[in-house]
Amino acid sequence: MTEANTNSDALVFFGATGDLAYKQIFPALYGLVRDEGLSTPIIGVAKQGWGLDQLKQRAADSVKEHGGDINSAAFKKLLGQLRYVDGDYNDPKVFAELRKQLGDAQRPLHYLAIPPVLFSVVASQLAKSGCAKNARLVVEKPFGRDRASADALSRILDEYFSEDDIFRIDHYLGKEPVQNILFTRFANATFEPIWNRNYVRSIQITMAENFGVQDRGAFYDEAGAIRDVLQNHMLQILASLTMDPPTGQQHEAIRDRKASLLKAVRTLTTNDVVRGQYDGYENVPGVHPGSTVETFAAARLEIDSWRWAGVPIFIRTGKCLPVSIAEAVVQFKKPPREAFGEIESVGCGHVRFRIQPDVTIALGTRVKVPGDRMIGDDVELILTRQPGADKPPYQRLLGDAMRGIDELFTREDIVDAEWRIVDDILGNVTPVYRYKPGTWGPDEAMQLIAGDGPWLNPKPA
Ligand code: BG6
């Protein structure tokens, strides 16, 4: 077995007392122990003045809230694997203690579930204390705050870790329905011939959430919708929808195709984006008074390639929208002439990929309504509908990282291309329009789509 394929023999997670650990990491660890027999030491690190018992309690609360059974043998096993190191990330003693806790682990995995401003200090402390030797590093998104800071961060991490050992998380890549976009496209010969500018009229991707920023005001007010989800999750969906077919057998084939697609996406300008903020956002604890951070963003993109030239692509995301649904629709062109004289021919055919809450792939077609007249109706053939993805993305991704499998992680050049696309629209360079919670964002978003609309508002199944 080569070193690259050696399983990691300890899992360290920084930010162990934080929100992400509570919502995602403990449930994922529980799943890994229960379903995949994870049996390595699991060491939480944080600066909270806690002891191991408090961390165990936190793990129990987290697993209980997310539907796990804390009386199961697997949960008891997880508790037995947990260790805790407390202290400031600037303090070398914390890392000396971590080194001790790692014992004879040869290939530890360090997961930085902490704000990116802390990545460099933790990476350098890991190196100085000997904890980085032969180690893997998993980093959370957002990777940097813009293109320049992401690049600087990569330089710093590269000082201590080899690129092959750095795993950049975008948890949308761990979602079954996102993988299914690629699978459906390339496991069939049917779609590829029509998947281009000759047949596709437009593409819309919506990621709507019907709740606000909740208790994440301080984090969110430093990010906003463009940094939080558009730059990463939504561009990853776009890449899966529009990339060229992977070629060859190398394991980088898919990421190479995604990278070249994202490199062909035109840099967004201030005319291509509409930002919004829901009424009441300013009252969220942690949000600055008078904040101009966006909780909604709509963008019009173009891909400069022979396949996609001239096809408008619309991306929309927001908090406090009417529903919590993520969906992509590839809309086809209308037939070249109106054969049946329908006064209003609404549909033109589409493929719809619902990513959540349910997983649906559907083919929209116009069919004749029974009766004497040649008039039609838009129907959908549901190719698959599943209640929801089975394995939680963080379980999938952490399990892969422990095994050194990097296909479902993003890559330095991909992250760079994503930042380049949004770099000129970050911050307060466009107006932020107000919208009422429970609506589809500010009216100005309608103008953005204009003649290529309307926006397709996803409806619950
Ligand atoms: C996270 C964002 O990356 O993704 C959150 O920080 C967002 O703001 C979340 O709510 C959405 O993820 P999911 O898996 O619930 O769709």
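This is a predicted model: local features need pLDDT of at least 70, side-chain atom pairs count only at pLDDT 80 or more; totals for chains, interfaces and linings use all residues.
**View 1. Salt bridge between Lys141 and Asp228.** The closest N and O atoms of Lys141 and Asp228 lie 3.4 Å apart. This pair connects distant parts of the chain, its members being 87 residues apart. Lys141 belongs to the loop between strand E5 (136-139) and helix H6 (147-160), whereas Asp228 is in helix H9 (residues 225-242). Lys141 is buried, with a relative accessible area of 19%, and Asp228 is likewise buried, at 5% relative accessibility.

**View 2. Salt bridge between Arg155 and Asp158 within helix H6.** Here the closest N and O atoms are 3.5 Å apart. Arg155 and Asp158 are separated by about one helical turn because they stand three residues apart in helix H6. Arg155 is partly exposed, its relative accessible area being 40%; Asp158 is also partly exposed, with a value of 29%.

**View 3. Salt bridge between Glu252 and Arg411.** The two side chains meet at an N to O distance of 2.8 Å. Arg411 counts as buried, at 15% relative accessibility.

**View 4. The salt-bridge network that includes Glu252 and Arg411.** Through shared partners, salt bridges join Glu252 and Arg411 with Arg255, Asp256, Lys263, Asp406 and Asp413 into one network. The model has a count of 38 salt bridges.

Note on methods
Residues are numbered from 1 along each chain as its sequence is written. Side-chain values use heavy atoms; hydrogens and water are left out. A salt bridge is a side-chain nitrogen of Lys or Arg within 4 Å of a carboxyl oxygen of Asp or Glu. Helices (H or I, at least four residues) and strands (E, at least two) are DSSP runs, numbered from the N terminus. Buried means under 20% relative accessible area, exposed over 50%, partly exposed in between (1.4 Å probe, protein chains only).
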